[in-house]
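Colleague: I am new to this one and would like to learn how to read it. Could you take me through it feature by feature?

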Amino acid sequence: MTILKVNDVTKTYKTKFTNKAVEALRGVSFSVQEGEFISIMGESGSGKSTLLNCLATLDKPTSGSILLQSQDLTTINDKQSAQFRRQQLGFVFQDFNLLNTLSAKDNILLPLVLDRGLTNKTKDNLMQLTKTLNIDKIISKYPYELSGGEKQRVAIARSLITSPKLLLADEPSGALDFKTSTNLFALFQKFNSFNQTILMVTHSSLAASYSNRVLLLKDGHIVDEINRHSLSNNEFQTLINDRLLAVQEVHHVL
């Protein structure tokens, strides 16, 4: 079942001083099936962060539509967007975005508290998530008492506590070392095996190799799509690197 459909999305900005138009996205179209794990890759300035912001309803496209389960995200107002993000989307950021004044447990539960969604199932969901993420012994600690990997696992628990339709991850391993990063990606694969739909923005072929499909962005539009099929992570990473190199060579020739 198609959960997300992006149709011919463009985003044009005007520079502050010259009023010159800059096309960050140029006719981006793709769809996401329920239970997919997709990576969006591209160099700095390729448009991947702009695209993520549009998908997260943090920014609006200049034209085109973004349909999440048939709801057009480009037509909802700011108040509806905030509620929509809390109820339908989960977020994992590079810098964790945890509140130091709250314990790990309270950080995880914050989306439910903000949406007045605490129920009798909350305790069971919290226990299950924290055990799966191996943070059940540290949820009474505060973020400044945690390692980078522990903070990111708390952030993942927070993103999943609402059972979101779509999990958005923005360079989630950017502040982590190699070992912690690979553990993080393995966790994403694990939750994806539970049918969690994930869309991750990354510049890393290692990160992307854990996903099922990769979309390559260049100059604001999709220039290639790479499918895992039955490849191992190592084989998929090699394929991704080869295709990235091919895209760069084509761009250089042009």
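Modeller: Touching, or contact, means heavy atoms within 4.5 Å. Before we go on, this is a predicted model: local features need pLDDT of at least 70, side-chain atom pairs count only at pLDDT 80 or more, and totals for chains, interfaces and linings use all residues. Residues are numbered from 1 along each chain as its sequence is written, and side-chain values use heavy atoms, with hydrogens and water left out.

Colleague: Where does Thr 15 lie?

Modeller: Thr 15 sits in the loop between S1 and S2. Helices (H or I, at least four residues) and strands (E, at least two) are DSSP runs, numbered from the N terminus. Thr 15 counts as partly exposed, at 30% relative accessibility; buried means under 20% relative accessible area, exposed over 50%, and partly exposed in between (1.4 Å probe, protein chains only).

Colleague: How many bridges join S1 to S2?

Modeller: Strand S1 (residues 2-14) is joined to S2 by 9 bridges, and the two run antiparallel. Two strands pair if DSSP finds at least two bridges between them.

Colleague: In what order do the strands of the open sheet come?

Modeller: The order is S2-S1-S4-S5, an open sheet of 4 strands with antiparallel pairing. Strand S2 (21-33) and strand S5 (71-72) are the edge strands, each pairing on one side only.

Colleague: Which strands does H1 lie across?

Modeller: H1 lies across S1, S2 and S4, and runs at about 60° to S2. Axes are lines fitted to C-alpha atoms, for helices over the stretch in contact, and angles run from 0 to 180 degrees between N-to-C directions. In H1, 6 of the 8 residues are buried, so this helix is largely enclosed by the rest of the structure. Its buried residues are Lys 48, Thr 50, Leu 51, Leu 52, Cys 54 and Leu 55.

Colleague: Which residue with a positive phi follows H1?

Modeller: That is Thr 57, with phi near 60°. Thr 57 belongs to the loop between helix H1 (48-55) and strand S4 (63-68), and it is buried, at a relative accessible area of 10%. Ser 81 touches Thr 57 and also Ile 76, again not counting residues up to four places away in sequence. Look for Ser 81 in helix H2 (residues 78-88); Ser 81 is buried too, with a relative accessible area of 2%.

Colleague: Asn 134 has a positive phi as well. Is Asn 134 buried or exposed?

Modeller: Asn 134 is exposed, with a relative accessible area of 56%. Its phi is about 60°, although Asn 134 is not a glycine. You will find Asn 134 in the loop between helix H4 (122-132) and H5.

Colleague: At what angle do H3 and H5 pack?

Modeller: Helix H3 (residues 104-114) and helix H5 (residues 148-160) pack at about 30°, their axes 7 Å apart. The two are therefore roughly parallel to each other. Angles under 35 degrees count as roughly parallel, over 145 as roughly antiparallel, 65 to 115 as roughly perpendicular and the rest as oblique. From H3, Ala 104, Asn 107, Ile 108 and Pro 111 meet Val 154, Ala 157 and Arg 158 of H5.

Colleague: And at what angle do H3 and H4 cross?

Modeller: H3 and H4 cross at roughly 130°, with their axes coming within 12 Å, and they are therefore oblique to each other. The H3 side of this contact is Lys 105, Ile 108, Leu 109 and Leu 112, and the H4 side is Thr 122, Leu 126 and Thr 130.

Colleague: To finish, how many residues of S9 are buried?

Modeller: Strand S9 (residues 213-218) is mostly covered, with 6 of its 6 residues buried. Arg 213, Leu 215 and Leu 217 point one way, while Val 214, Leu 216 and Lys 218 point the other way. Strand S3 (residues 37-41) runs parallel to S9 and is joined to it by 4 bridges; Ile 38 has Arg 213 as its bridge partner in S9. Strand S10 (residues 221-227) runs antiparallel to S9, with 6 bridges between them, and Leu 216 stands opposite Asp 224 in S10. In the hairpin of S9 and S10, with 2 residues between the strands, Asp 219 takes a positive phi near 50°.
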